[in-house]
Amino acid sequence: STVIVENVDENKVYRHTADLSMEPGSTEKLVESSLEAARDELERGLGTLLDQPVTVRATSGGDIPDGSVIVGTPDSSPAVAQFVPAGDLASVGDEGYVVRSVSKGRSNVTVIAGNTELGALYGTFAFLRLIQTQRPVQNLNISESPKIKRRVLNNWDTERLYAGNNATGTGGLNGENGQIFDFAATGASAGRNLPVILDRYIVAARAMASVGVNGITINNVNADNAYLTTRNIAQEAALADALRPYGIKLAVSIRYTAPTDSRFAPDTLTNSQLDPYSPAFRGWWTRKAQQIQASIPDFMGFTVKANSEGQPGPQDFGYDHGDGANGIAAAVAPLGMTIFWRTFVYNAEVDNDRLKRAYLEFGYIDDEPQPDGTTGRIADNVFLQTKNGPLDFQAREPFHPMFGRMENTNQAIELQITQEYTGQNKMLTYLAPMWEEVLKSDTYATDTDGKLLKNRLVGNIVDGTAQHHPDTAIVGVANLGNAENLTGHHFSQANLFAFGRQAWDWTLKSEDIAKDWTRMTWSNDGHVVSTIVKMMMGSREALVSYQTPLGIGHQFTGNHYGPNPAEWTTRDDWSPVYYNKADSAGLGFDRSPTGSNLAAQYFPTLERQYGNIDTVPENLMMWFHHVPWDHTMKSGRTFWDELVYRYQMGVQYVTWMREAWDSLQPHIDARRFGEVRAKLATHEVDAGTWRDTSVNYWKEFSGRDIPVDGGPLS
Ligand code: GCW
């Protein structure tokens, strides 16, 4: 086949670092532009998928061979302009694409077109996906554009890393602690640190672009000011240059008090100057942002964790989150930058129930009348970045009550791709069904007259269609590391893949995404696909069942992997006992009107549903109620019997997954088969530990026997 890419602009200024270079002996390459990337992907992708040599041509003049693929923009390519005129591309925007089958003379040709080179690159990946999944490509007429504008990863470089050498979850700059990117904070670089570009950065960039991820905050939200030093900015610029052709923009996490850090001397402030309204504070952030922008012109902005888990913030200086966010936002607005201000706050003085605290700290800011007659104080270039649920990335939570409640504020949803509470690098847990559940949850949000909104799913809130926000964002806490397969567990790649696909179009079905991934990763054989997809699709519900069934929250040991329901740690709201409230009457946290009444933070329909034990969904029962041991469940079983049954079912599912995987041995290459098999063996044992530890502990309170049909509890 022939790939035609015209006018790749070799002079395009995609780079801002003169000496950008790959490590010696690298197999990946630095590309200059998105169109060059598209050309290389087609050449490499078609070559391997079709097992045929590919001819690359730089002109569409003359005869076009049958089966050719033409990629570009109407500006770059006369052929693209002819077959996909600008008018046809009008609706797909800056990042969308059209893929179309056309005839020219006696040749059938595929044209991949975008308004921008990046759109053409996204179309290229979509086309390759069709071939890789063995879909028909004869009569294509596809138009696609993303539903959410900013599809961003947060790379916590020092925490919750489960995908690399020595990935202990702790570490720092300048260490092989499992990180994907190697920054040198101090001293001479070992030769492999940035600005040197490693193969894996390019592999990761290609993977991210293939699913439409277009931004990454490169460091942990528990931020190290080193990322704002001149030395690091030079390294960040090199990384930004390498990722730019793939449409991936950089952001950095910052500490609110960075201006006081002596590393920035002589340009430092004192604590008393950290008033977010002061010219000193704003001026400092403007200068810092200007310095970054000088070497990274498309730098996105800053992610901020403030007054959260010991991080400093505006409250330390007598201001609230709105003041703080707006202060930095005003400083960077003239530079076109954005602030992602996290809402993961849970100050115990605010309320007894940790889950209510974020809305109490942020909600009123959204309701405040402004001098210009509008409502809501948060600036337009700020996103409040809110985790999907009100606790902390548990395998099942109700959606966060702030979604829908903050109608005057840009809201980004934060999902966790790295499997902190969902099996880390040991358990096979496909998270897309959880994200689908969240994004498709009905908020029952109403307008100011109390009338139900027409588009009011969490996804509609996030994509701006519910409450008319033009700027939109979805964030995934990344699971990339320096492991050869980038994610540690082979199946964790599915979570990154699914995040990107759902970020692009949250209305997709997680099962269809699993099918694509399985075909692209393992096999197109029907039996293999259906077996693996079935394993994946039930894996999250199984995890919920053997870890935290029926809506019970956080029962983890300190490392967030194993169970410890009896534990009280240094503070209530980190302690399993605070969440389970086990006693002789029952189990679960009363957040109904007789308890903390978190239910009342939701819109009225859900407030009523969650607040009543007879109408709350059973999978969230203990999230909202202290459930009596003998409460009758839908199955007819008592709550106690149902609880034990759930734990048992969860473990049995893992046993089934292990057996199902074993049955696929003839179809899977030996190395990956063995690696997944070993993980599944651990997974099964550890799921059993969850069940046994939990059930035996609950039994001390329930005083009831383990039901016989609960299966073989060891
Ligand atoms: O879930 C907790 C994690 C922390 C994390 C924090 C947060 C980066 O255990 O590792 O800190 O959430 O989201 O800020």
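Helices here are DSSP runs of H or I with at least four residues, strands are runs of E with at least two, and both are numbered from the N terminus. The model is predicted.

**Loops and backbone**

Select Pro-266, in the loop between β11 (249–254) and α7. What kind of peptide bond joins Ala-265 and Pro-266? The bond is cis, with omega about 5 degrees.

Next, go to Pro-195, which sits in the loop between β8 (150–154) and β9 (196–197). A cis peptide bond links this proline to Leu-194, and omega there is about 15 degrees.

Then select Leu-550, in the loop that runs between α14 (526–547) and α15 (576–580). Leu-550 is not a glycine, yet its phi is positive, at about 55 degrees. These stops are picked out because most residues other than glycine have a negative phi, and most peptide bonds are trans.

**Domains**

Colour the chain by domain. The domain assignment gives domain 1 as 2–144, domain 2 as 150–237 + 265–512, and domain 3 as 544–589 + 626–710. Between the C-alpha centres of domain 1 and domain 2 the distance is 32 Å.

Now show where domain 1 meets domain 2: 13 residues of domain 1 are in contact with 15 residues of domain 2. On the domain 1 side, β2 (21–22) and α4 (117–132) each supply at least two residues. Which element gives the largest share of that side? It is α4, with 3 residues. By class, the domain 1 side holds 6 nonpolar, 5 polar and 2 charged residues.

**The ligand**

The surrounding residues are Trp-156, Glu-159, Arg-160, Asn-220, Val-221, Asn-222, Lys-305, Glu-309, Phe-344, Asp-392, Phe-393 and Glu-420. How does this shell divide by class? The shell has 4 nonpolar, 2 polar and 6 charged residues.

**Helix pairs**

Select 279–295 and 321–332, which are α7 and α8. Their axes lie 8 Å apart and the helices pack at an angle of about 50 degrees, which means that α7 is oblique to α8. The crossing of α7 past α8 is right-handed. To see the contact, show Phe-281, Arg-282, Trp-285, Thr-286 and Ala-289 of α7 together with Gly-327, Ile-328, Ala-330, Ala-331 and Val-332 of α8. This contact has 7 nonpolar, 2 polar and 1 charged residues.

Move on to α12 (492–504) and α13 (510–521), which pack at about 130 degrees with axes 10 Å apart. These helices are therefore also oblique to each other, and α12 passes α13 in a right-handed crossing. Gln-493, Ala-494, Phe-497, Ala-498 and Arg-501 of α12 meet Ser-510, Ile-513, Ala-514, Trp-517 and Thr-521 of α13. Of the residues in this contact, 6 are nonpolar, 3 polar and 1 charged.

Finish with α18 (639–663) and α19 (670–702), whose axes are 9 Å apart and whose packing angle is about 170 degrees. Angles over 145 degrees count as roughly antiparallel, so α18 is roughly antiparallel to α19. The contact of α18 with α19 divides into 14 nonpolar, 7 polar and 5 charged residues.

Notes
Residues numbered from 1 in each chain as written. Predicted model: local features only at pLDDT ≥ 70, side-chain atom pairs only at ≥ 80, totals over all residues. Domains from an automatic or database assignment. Contact = placed C-beta atoms within 7 Å. Nonpolar A, V, L, I, M, F, W, Y, C, P; charged D, E, K, R; others polar. Axes fitted to C-alpha atoms, helices over the stretch in contact; angles between N-to-C directions. Parallel < 35°, antiparallel > 145°, perpendicular 65-115°, else oblique. Left-handed = near helix turned anticlockwise from the far one by under 90°. Near = placed C-beta within 6 Å.
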